[in-house]
Amino acid sequence: MTPLDADTARAGMRDRAQEIFLAGVKAADPALAVEEALVGHSFHMPMIVAVGKAARRMAAAAMKHLQADPVIVVTNYENAAPLPGAEVLAAGHPVPDAAGAQAALRVEEALSHAKGDVIALISGGGSALLPAPANGVSLDDKAEVNRLLLGSGADITVMNLVRQQLSRLKGGGLLRAAAPAKVTALILSDVVSDDLRAIASGPTIAPIGTRAEAAAALRELGIWDRLPAAVRAHLGRGEVDLGPLPESTADLIGSNKLSVAAMARFAGGGAADGVHVFPIPLEGDVAEAAKTIVESAKTPGIYLFGGETTVRVTGDGLGGRNQELALRVATLAEAAGLSDYVFLSGGTDGRDGPTDAAGAIVDPGTLGRMRAAGLEPEEVLARNDSYHGLAAAGDLLRIGATGTNVADLQVLIRC
């Protein structure tokens, strides 16, 4: 095969990997999921509260079936757009901001006046988008906790354990704010375990744990002493018995597992067709996840993964977990002598960390292109600067905001 033929084949593999990834994103279409979930249901004087990255699309779908008033949508800036008949509020993600705090007050005010059923449409990102700090804790305090958690390597469950204990609305707080109205929640999962307590920090679900357990987790992560004093004081107080949560209904309508299955169908089926689905979610540190991926793909075929990894930030660079995972796979593949692969890792929401990319697509030429641009891959990783390294290689995956979020998807193709 000539170099030109090799480049053409590799471009085709890259296109194929992106098509498979986008099939997984499409399977998490929040509008279709909401419409299917509402078939056959009726509600009395409903109001809609939609929160998360998929909130606008979920609300638009629900409004086709329900005459609801009011309809309040809280979503991230990238997904915010006018929706006739709804009040759309934009807020910061992944770091909470003042706009989110105002949105939380608006939601609380509306819930306090609910006259009938409340339809809560919950999707990933809702935790940061709807900050309602507990008494004695400021928004700046919560933002600093969030920043420390994001850089600590904490998994999503631990993050939400902490966030719930610092909020009025998380960990079932939305149910209490709506009482005595009945709440029906339709939930799009961005958590690989599909633990409803962790999705958007569980505004309609009982909390993951207690203040004492949140404090213990923060100590174990090594960030307790760097927390704002008000946060340490709040978590150090005794537990408050608020009584049982009001009755509610919660249905899971989309998940990472369903999107991985959709990728497999699009790619051609099962192992007999050369399509292999990794049996457990990718979780934990990106370095270990990268090893798992490279070691799994021993023969030609298409290898599919889903999950949500974590990055322990020690440098001052720019990137996200998908970009760092892709770059680590590229370095391991080079060390293993692989010359016949393409690997994609991307966030289904279209955004990886505080960047404009969803992730990256790498191949055997990635590291050479970086070095030609004057960047050494190992140094880039040490700085947690995968974004600039992959940008230099021309390997960032940019698809724009998707309006959904079911964690991350990965595709590895070997020929």
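**Figure 1. Strands β5 and β6 pair in the parallel sense.** In this predicted model, local features need pLDDT of at least 70, side-chain atom pairs count only at pLDDT 80 or more, and totals for chains, interfaces and linings use all residues. Residues are numbered from 1 along each chain as its sequence is written, and side-chain values use heavy atoms, with hydrogens and water left out. The pairing of β5 (residues 183-188) with β6 extends over 6 bridges; two strands pair if DSSP finds at least two bridges between them. Strands (E, at least two residues) and helices (H or I, at least four residues) are DSSP runs, numbered from the N terminus. Ile 187 has Leu 252 of β6 as its bridge partner.

**Figure 2. An open sheet is formed by 6 strands.** The order of the strands is β3-β2-β1-β4-β5-β6, and their pairing is parallel. At the edges stand β3 (87-91) and β6 (248-254), each of which pairs on one side only. From one strand to the next, the twist averages 15°. Angles run from 0 to 180 degrees between N-to-C directions, and axes are lines fitted to C-alpha atoms, for helices over the stretch in contact.

**Figure 3. Helices α2 and α3 pack against each other.** Two packed helices are described by the angle between their axes and the distance between the axes. For α2 (residues 30-38) and α3 (residues 55-63), the angle is about 35° and the axes are 8 Å apart. Their crossing is right-handed, that is, the near helix is turned clockwise from the far one by less than a right angle. From α2, the contact (heavy atoms within 4.5 Å) involves Pro 30, Ala 31, Val 34, Glu 35 and Leu 38. From α3, Arg 57, Met 58, Ala 61 and Ala 62 take part. The contact has 7 nonpolar, no polar and 2 charged residues. Here Ala, Val, Leu, Ile, Met, Phe, Trp, Tyr, Cys and Pro count as nonpolar, Asp, Glu, Lys and Arg as charged, and the others, Gly among them, as polar.

**Figure 4. The largest cavity holds about 90 Å³ of space.** Rolling a probe the size of a water molecule over the atoms shows where empty space is left. On a 1 Å grid over the protein atoms alone, a cavity is a set of points where a 1.4 Å probe fits but cannot get out, and lining residues have an atom within 4 Å of a point. Grid points are joined across faces, edges and corners, and a volume is the space filled by probe spheres set on the points. The structure holds 3 cavities of 30 Å³ or more. Helices α5 (126-129), α6 (139-150) and α7 each supply at least two lining residues of the largest cavity, and α6 has the largest share, 4 residues. Among the lining residues are Lys 142, Val 145, Asn 146 and Leu 149. By class, this lining has 6 nonpolar, 2 polar and 3 charged residues.

**Figure 5. The second largest cavity holds about 70 Å³ of space.** Its lining includes Val 51, Ile 122, Leu 169, Leu 174 and Pro 203. The lining residues divide into 7 nonpolar, 2 polar and 1 charged.

**Figure 6. The second largest pocket is lined by 28 residues.** A pocket is an open set of points with protein on both sides within 12 Å along at least five of seven lines. The space in the second largest pocket is about 640 Å³. Gln 164, Gln 165, Ser 167, Val 240 and Leu 242 lie nearest its centre. Two or more lining residues come from each of α7 (156-165) and α8 (173-178), and α8 gives the most, with 3 residues.

Figure 7. Most residues other than glycine have a negative phi, and most peptide bonds are trans.
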